[in-house]
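Work through the exercises below with the sequence and the 3D view at hand. Each task is followed by a solution in steps.

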Amino acid sequence: MEFKKLAEDFSKIESTTKRIAMTDYLSDILRQAGPDIIGKVVYLIQGKLYPPFVGIEIGMAEKLAIRSVSIATGISPEDITRSLRRTGDIGNTAYEELLAAPHEIKEPLTVSEVYGALDKIARTSGSGSTEAKINMLADLLRRATPLEAKYIARTVTGKLRLGVADMTVLDALADVYGGGRLARPTIERAYNMTSDLGAVSEAVAKGGVNALSGFKITVGKPIRPMLAERLKTPQEILAKTGGECVAEYKYDGERVQIHKKGSEVILFSRRLENITIQYPDVVELAKNTIVADTAIVEAEIVAIDPETGEMRPFQELMRRRRKYGIEEMTKAFPASLFYFDCLYAGGRDLTEIPFLKRRDELTQIIKPLGRAKLVEYTLTVDINQLEEFFEKAIQDGTEGIICKAIGPGTYYEAGSRGWLWIKYKREYRSEMTDTVDLVVVGAYYGRGKRAGVYGSLLTAIYSPETDTFKTITRLGAGFTDKDLAELPKMLEPYKIENRHPRVDAKEKPDVWFVQGLVLEVIGAEITLSPLHTAGLDRFRKGSGLAIRFPRFTGRYRTDKSPEDATTEQEIIEMYESRLHKVA
Ligand code: AMP
């Protein structure tokens, strides 16, 4: 297939506003491509060379592409940069510059040649690779027509955005090679099991849908993840799941699909990229806790506070998404792992067995240890129990719960968002923008690194109406080593045997204090909580308000008496004023 044809079709796809026309052009491309080249064509259409899990990307900087265009045309890089500033698109610039400096094309480029050259550019690395890439691209552009150059330039810089979704390609494959719409589910299943659009296209083009029966789960190729729908009340959830469900904590981290074969472990992200090198600690955890020789399991990676072991917000984990400095980041933001599903074990595909059976398999092949655990869960048929579990989940620092249907047909629906999994997220949360002053009323002994000092402090706000101190959060973050060493001494004078009568608390700390020390604290947000007494019953029966992710700012408010601490009314107003519904 000539690349010219592909470039012309790209141009047509780009200029149509009609969906049907786009699918027609796409079908036309796939038909023309034929079995031998279709796999490559399918990736080129999406501006890629491989499925995401392979991890080979061209990703050339625009600056380098400018130099290639300059070499190919003999026009100065400054002029090309000026053109780019005007067009705002490297593709259009390449097109215009090649038109301005025409060259003779002896032999038209084929799709195979272009793909091969791009692949070579993508794989070139190490010292001197930048110059080599520039020259390889220049050689390719020298053989290209202006239109071809347009799409080549966009592809190498990662800017080809034709907007052709995977699902549209599957539709077109069914039409062209599968004999029509009836073939669509089979084709999609093959894709969902392997995430390899090119391989699926090639197989269908060669042998029709029958050829897809050989598409099995393979360790090393990610399975497209099953996703959750959402609902707003436990009533609705139980109604949808047939009156019973397994509710699990919804951890606020990054989803990972772990593939294990012997001593090799590969990690795939939710978007099916290979993220193994970013998480050496997770690889270790997986090796130590997955006891099956071959397995594919799913888990959530969650950042934890290295000192207290408490869960940290998702944003902190995202700081580990980087190419360099991985070791330092692993130390600064260590991760824990919560396993929630098992898709393959010991050579058996488990995606077509019901949820509870998969969970059985999961418990058999996972031996929890240290930071690698199974998700917290409960099996319930009761609305109130579901609500209680939800609040416990929030209190434990998660986003809410995911309720999973457990009936006979509850298979792992790869690649689809359905009602078998329903998320129920924190609906009531309020972002905190101001600091608050909290009174220390209790403390918990530290463990691990904090052995011998306090691990966290129980803190409270003040209620002038009742003249009591009501608890609002357990504070463990933001303390320096010096703070930690000094706190026991500082708090010693306040120590008492039992809870002070002016303290209103459900929590039972290891040590009680009479209200005295005031600390300035900032948190991420205020949420409903069954564990604290601030604002109790005000927004929901049995629940108070809590500060999530509290952090000591470093300011001891010795200038304040405990009665000068933030009041209950202030907290209620803070909660209400910034309350927004998050479904
Ligand atoms: P969302 O991203 O809001 O659509 O929620 C679904 C995501 O929740 C999944 O992709 C996982 O990353 C995450 N998650 C956290 N805990 C669980 C769990 N117990 N079961 C399934 N997914 C979970």
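**Exercise 1.** Find the element that holds E568, then decide whether E568 is buried or exposed.

Solution. The model is a predicted one.
Step 1: E568 is placed in helix α19, which covers residues 568–577.
Step 2: The relative accessible area of E568 is 10%. The cut-off for buried is under 20%, so E568 is buried.
Step 3: Apart from neighbours within four places in sequence, the contacts of E568 are I461, Y462, S463, K470, T533, A534, G535 and L536.

**Exercise 2.** Locate the two residues of the salt bridge between K425 and E399, and classify E399 by accessibility.

Solution. 
Step 1: In this salt bridge the N to O distance is 3.6 Å.
Step 2: K425 belongs to strand β11 (residues 417–425), while E399 sits in the loop between α17 (383–395) and β10 (400–404). The two are 26 residues apart, and the pair links distant parts of the chain.
Step 3: E399 has 13% relative accessibility and therefore counts as buried.
For context, the structure holds 42 salt bridges.

**Exercise 3.** Describe the salt bridge of D467 and R502.

Solution. 
Step 1: The closest N and O atoms of D467 and R502 are 2.8 Å apart.
Step 2: Both ends are in loops: D467 between β14 (454–463) and β15 (468–475), R502 between β16 (495–496) and β17 (503–504). Their separation is 35 residues.
Step 3: D467, at 32% relative accessibility, is partly exposed. R502 is partly exposed too, with a relative accessible area of 24%.

**Exercise 4.** Which parts of the chain does the salt bridge of R557 and E520 tie together?

Solution. 
Step 1: The closest N and O atoms of R557 and E520 are 3.8 Å apart.
Step 2: R557 is in the loop between β22 (551–556) and α19, and E520 is in strand β19 (residues 518–522), so the bridge ties together parts 37 residues apart in sequence.
Step 3: R557 and E520 are both buried.
Step 4: Shared partners join D437, E520, R555, R557 and K560 into one salt-bridge network.

Note on methods:
Residues numbered from 1 in each chain as written. Predicted model: local features only at pLDDT ≥ 70, side-chain atom pairs only at ≥ 80, totals over all residues. Heavy atoms only, no water. Helix = DSSP H or I, 4+ residues; strand = E, 2+ residues; numbered from the N terminus. Buried < 20%, exposed > 50% of the residue type's maximum accessible area, 1.4 Å probe, protein only. Contact = heavy atoms within 4.5 Å. Salt bridge = Lys/Arg side-chain N within 4 Å of Asp/Glu carboxyl O.
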